[in-house]
Protein chains: 2
Amino acid sequence: MFLPANPCNLNCPSRDVLDLIASKWVILILCCLQQGPVRTGELMRQVGGISQKMLTQTLRDLERDGFVERISHPEVPPRVEYQLTDLGRSLSELARSVEQWVVGNYPVILEKRRKTAAAPGRSSARHLD
Amino acid sequence: MFLPANPCNLNCPSRDVLDLIASKWVILILCCLQQGPVRTGELMRQVGGISQKMLTQTLRDLERDGFVERISHPEVPPRVEYQLTDLGRSLSELARSVEQWVVGNYPVILEKRRKTAAAPGRSSARHLD
DNA sequence: CTGAATCCAAGAAGATACTG
DNA sequence: CAGTATCTTCTTGGATTCAG
């Protein structure tokens, strides 16, 4: 069992894990949680564009898989915090790397994107003739 | 310009880049291309579960953003290869890291998932009382 | 062989309103 | 404040067909 794990294999269970991780929201949430426990509302504010539904849903997934822990303070009004587990902290380092890569490289990409958009169709170029 | 780039901001252009990168198919394809130029059919075989449409579509996106280059050999039958650019190679290192993280950690995650599934509802647990 | 184009189903994601 | 439920919208992805 667990021998030749390979996310490229459709039936390898590791593919399921990749499916969860390869998500915009997961990456951004993990990055936000690196600073320490964060409240739900604060997460909503930090992760721009996420809906409350997606936030809750993603946090449930992360909780189920052991990336985050939910801390419910028995107060009124209710206060809930989320914090990384050891596993989550490990993955968050990768998330941070991705975020930083994007920050460091997006200007080049955007420029390439503009150039390609302005250029003529691909069919007339890049042939080995 | 390009000062406080932050993918957390919905309107920051870097978010667009994150949107593309945070994709299962992108990660797997970049990993496959690390070995060198690969033909389309070979990619289809290696990346389990990808449809021809998604493969082509993803390759177009990667090409547009400067991650891969399309090499069309003027032969019959036609032969097309894709290879990483320098930018793509840079990102593929990260993709590889993610893949390896998944391979190394998925057994723990799967076990946690099973335990959580078997456990009672969350509402009755993990309160600070 | 490659891949573009179409149609269609399934699921993700957004908006809103409501409960504790 | 935190979370759920519902409804709607729309992107994703699969199957098929056709062209170079």
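## A cis peptide bond in chain A

Pro77(A) is placed in the loop between strand 2 (68-73) and strand 3 (79-84) of chain A. The structure described here is a predicted model. Within this model, Val76(A) and Pro77(A) are joined by a cis peptide bond, with an omega of about 5°. As background, most peptide bonds are trans.

## How the two chains are related

Two copies of a chain are related by a rotation about an axis and a shift along it. Here, chain A is superposed on chain B by a rotation of 180° with 0.0 Å of shift along its axis, and the RMSD is 0.1 Å. The two copies are therefore related as by a two-fold rotation axis.

In chain A, the C-alpha nearest this axis belongs to Ala22(A), at 2.4 Å from it. Both copies use the same surface, for 100% of the contact residues of chain A recur in chain B.

Two packed helices are described by the angle between their axes and the distance between the axes. For helix 2 of chain A and helix 1 (residues 14-21) of chain B, the axes cross at roughly 120° and come within 9 Å. Because of this angle, helix 2 of chain A is oblique to helix 1 of chain B.

On the side of chain A, the contact is made by Lys24(A), Trp25(A), Ile27(A) and Leu28(A) of helix 2; on the side of chain B, it is made by Arg15(B), Leu18(B) and Asp19(B) of helix 1. By class, these residues comprise four nonpolar, no polar and three charged.

## Packing of helix 2 within chain B

Helix 2 (residues 24-33) of chain B packs against helix 5 (residues 86-118) of chain B at an angle of about 110°, and their axes are 8 Å apart. The angle makes helix 2 of chain B roughly perpendicular to helix 5 of chain B. Helix 2 contributes Ile27(B), Leu28(B), Leu30(B) and Cys31(B), which meet Leu91(B), Ser92(B), Ala95(B), Arg96(B), Val98(B) and Glu99(B) in helix 5. This contact has seven nonpolar, one polar and two charged residues.

Helix 2 of chain B also packs with helix 4 (residues 52-64) of chain B, at an angle of about 75° and with axes 10 Å apart. These two helices are therefore roughly perpendicular to each other. Trp25(B), Val26(B), Ile29(B) and Leu30(B) in helix 2 meet Met54(B), Leu55(B), Thr58(B), Leu59(B) and Leu62(B) in helix 4. The residues of this contact divide into eight nonpolar, one polar and no charged. Leu30(B) takes part in the contact with helix 5 and in the contact with helix 4.

## Cavities

The model contains two cavities of 30 Å³ or more. The largest cavity holds about 180 Å³ of space. Its lining consists of 18 residues, and those nearest its centre are Ile27(A), Val98(A), Ile21(B), Ile27(B) and Val98(B).

Helix 2 (24-33) and helix 5 (86-118) of chain A, together with helix 2 and helix 5 of chain B, are the elements that give two or more residues to this lining. By class, the lining has 18 nonpolar, no polar and no charged residues. Two of the residues nearest the centre of the largest cavity, Ile27(B) and Val98(B), also belong to the contact of helix 2 with helix 5 in chain B.

Conventions. Residues are numbered from 1 along each chain as its sequence is written. Chains are lettered from A and ligands numbered from 1 in the order in which they are written. This is a predicted model: local features need pLDDT of at least 70, side-chain atom pairs count only at pLDDT 80 or more; totals for chains, interfaces and linings use all residues. Side-chain values use heavy atoms; hydrogens and water are left out. Axes are lines fitted to C-alpha atoms, for helices over the stretch in contact, and angles run from 0 to 180 degrees between N-to-C directions. Helices (H or I, at least four residues) and strands (E, at least two) are DSSP runs, numbered from the N terminus. Angles under 35 degrees count as roughly parallel, over 145 as roughly antiparallel, 65 to 115 as roughly perpendicular and the rest as oblique. Contact means heavy atoms within 4.5 Å. Ala, Val, Leu, Ile, Met, Phe, Trp, Tyr, Cys and Pro count as nonpolar, Asp, Glu, Lys and Arg as charged, and the others, Gly among them, as polar. Copies are superposed by least squares on the C-alpha atoms of residues with pLDDT of at least 70 in both. On a 1 Å grid over the protein atoms alone, a cavity is a set of points where a 1.4 Å probe fits but cannot get out, and a pocket is an open set with protein on both sides within 12 Å along at least five of seven lines; lining residues have an atom within 4 Å of a point. Grid points are joined across faces, edges and corners, and a volume is the space filled by probe spheres set on the points.
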